[in-house]
Amino acid sequence: MKILFLTNLLPYPLDNGGKIKTYTTICALSKAGHEIDLVCFSEKKDPDKSYQKEIEKLCASVHQVYLRLTTAENMPYMMKLAVKSLFSIYSFGLYKYQSTQMQELLQNLCKAQTYDCVYFDHLQLCIYETVLKQFAPNARYILDEHNCEALIMERNASTAHNSIKKAFLKLEAIKLKNFESRMLQSMDMNIVLSKEDLSALQKQCGKTFQNTIIPIGVKDCKVKEIKKNENFRLNILFLGTLTWEANNQGLIWYLENVIPLINEKKMCETFYIVGKNPSAEVRKLAEQYTNVVITGYVESVDEYYEKCDCMVVPLFIGSGQRVKLIESFSKGMPAVSTSVGAEGLEAKDMDNIMIANTENEFVSCIQKMMDVDMRRNISRKARMCYERNYSPSAIADKLNAVMEQIEKS
């Protein structure tokens, strides 16, 4: 099939969960013999061509359009857009993806090519659905829902303390819910990550829509060796993009509530925070502890997987699946996560993961992690779960079945 594939950013380097999922999807489609024209945005006017070349190995063509998307790095510009979005049917999170240059590119591609399928990788790209259906009316349309976007916004609104911010987020949630529900019903197929996401989206939509469940996959890798810690203290890892508010809030909570308790019990040698753009509040809290290290962005996280004995995922808002947990399963890294963090995964408490939702539960789980045999057992079970559910071959089989169904239709 000839596929027009729209995603938010070039899925390379593989430095966040969204990129990893997108890259895995493109790999599966390419390996199955589909011809892909990839279209995405770039936050740099002169993007790195070496990264684009990696994606060109999998695609017939790759097109990047410049657009500022990161709120924290473009605050004055984003504030103006946020005010303008108040008078739009689009939420701010959708509004900022509007680009005349992108619209023109899509029109030109559709005039030059006949596409069998248009693949929206992320809900935000569906703002181009109307123009694409005008210029590619005979194509089949797929939406790959990385998250339940409206549900995340509702959860953000419910936890906001500032009254103005809360009101803005509630309006965002209403707009996003209407748009997301409309897109789900307009697609020939919707890919969701889990039964939990499907249930939430069906409840939100109030109507049936075409769907299939395909979890996130990650590439295979070397399995971590679980070693006994000679000084009886654990090296603990937090991994995640800190511009994502769910990660930021969860890490702040962990630094305020858990680190003091595990330090008091002398259970933590070093707590590594690995991820780009930590907030000022995270930095200020980390400075209070001599055993907390903020690395910022790193090219490869493998070094920290090897250094650390376990990882923590203190997430309290969000939806979808956490790629960092799936990646930890692939590496056999023992993990402690909240129920929200493990939501949608084939995760079983005290089997392939540990679940904790309060500071005392986190402390108890980390105490259990000090037993090397416990860590080895969780590591082994996590790796088995990965091979069965999240390996490239497992994901490719599911995606190929969807594409065959679309092609026959």
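## Rings that pair up

Two rings of Phe, Tyr or Trp (its six-membered ring) count as a pair if their centres lie within 6.5 Å. By that rule, ring pairs link Trp 253, Tyr 254, Phe 271, Phe 316 and Phe 362 into a cluster in this structure. Keep in mind that you're looking at a predicted model. A search of the whole structure turns up 11 aromatic pairs.

Let's start with Tyr 12 and Tyr 23, a tilted pair with 5.9 Å from centre to centre and 50° between the planes. Tyr 12 sits in the loop between β1 and α1 (17-31), while Tyr 23 belongs to helix α1, so this pair ties together parts that are 11 residues apart in sequence. Tyr 12 has a relative accessibility of 23%, so it counts as partly exposed.

Now back to a pair from the cluster. Tyr 254 is in helix α10 (residues 245-257) and Phe 362 in helix α15 (residues 359-369), so here the pair ties together parts that are 108 residues apart in sequence. Tyr 254 counts as buried, at 0% relative accessibility, and Phe 362 is buried too, with a relative accessible area of 0%.

## Charges over rings

Arg 68 lies over the face of Tyr 77, 3.7 Å from the ring centre. Over the face of Tyr 141 you'll find Lys 133, at 5.2 Å from the ring centre.

## Salt bridges

Side chains of opposite charge can pair when their charged atoms come close. How many salt bridges does the structure hold? The count is 14. One of them joins Lys 2 and Asp 37, whose closest N and O atoms are 3.2 Å apart. Lys 2 lies in strand β1 (residues 2-9) and Asp 37 in strand β2 (residues 35-42), so the pair ties together parts that are 35 residues apart in sequence. Both Lys 2 and Asp 37 are buried.

Another salt bridge runs between Lys 19 and Asp 15, with 3.1 Å between the closest N and O atoms. Are these two buried or partly exposed? Lys 19 is at 12% relative accessibility, so it counts as buried. Asp 15 is partly exposed, with a relative accessible area of 24%. The cut-off for buried is under 20%.

Then there's Glu 303 with Lys 307, a salt bridge at 3.1 Å, N to O. Both residues lie in helix α13 (residues 302-307), four residues apart, or about one turn of the helix. Glu 303 counts as partly exposed at 43% relative accessibility, and Lys 307 is partly exposed as well, with a relative accessible area of 36%. Salt bridges can share partners, too: that is how Lys 2, Glu 35 and Asp 37 are joined into one network.

## A buried Asn in a loop

Where is Asn 352 placed? Look in the loop between β12 (335-337) and β13 (354-355). Asn 352 counts as buried, at 5% relative accessibility.

The side chain of Asn 352 has backbone atoms around it. One of its polar atoms lies 3.0 Å from the backbone oxygen of Glu 346, and the backbone nitrogen of Lys 348 lies 2.8 Å from a polar atom of the Asn 352 side chain. Leaving aside neighbours within four places in sequence, Asn 352 is in contact with several residues, among them Phe 329, Ile 378, Lys 381 and Cys 385.

Technical notes
Residues numbered from 1 in each chain as written. Predicted model: local features only at pLDDT ≥ 70, side-chain atom pairs only at ≥ 80, totals over all residues. Heavy atoms only, no water. Salt bridge = Lys/Arg side-chain N within 4 Å of Asp/Glu carboxyl O. Helix = DSSP H or I, 4+ residues; strand = E, 2+ residues; numbered from the N terminus. Buried < 20%, exposed > 50% of the residue type's maximum accessible area, 1.4 Å probe, protein only. Polar contact = N/O pair within 3.5 Å; in protein donor to acceptor, adjacent residues only side chain to side chain. Contact = heavy atoms within 4.5 Å. Phe/Tyr/Trp six-rings, centres within 6.5 Å; stacked < 30°, edge-to-face > 60°. Lys NZ or Arg CZ within 6 Å of the ring centre and 35° of its normal.
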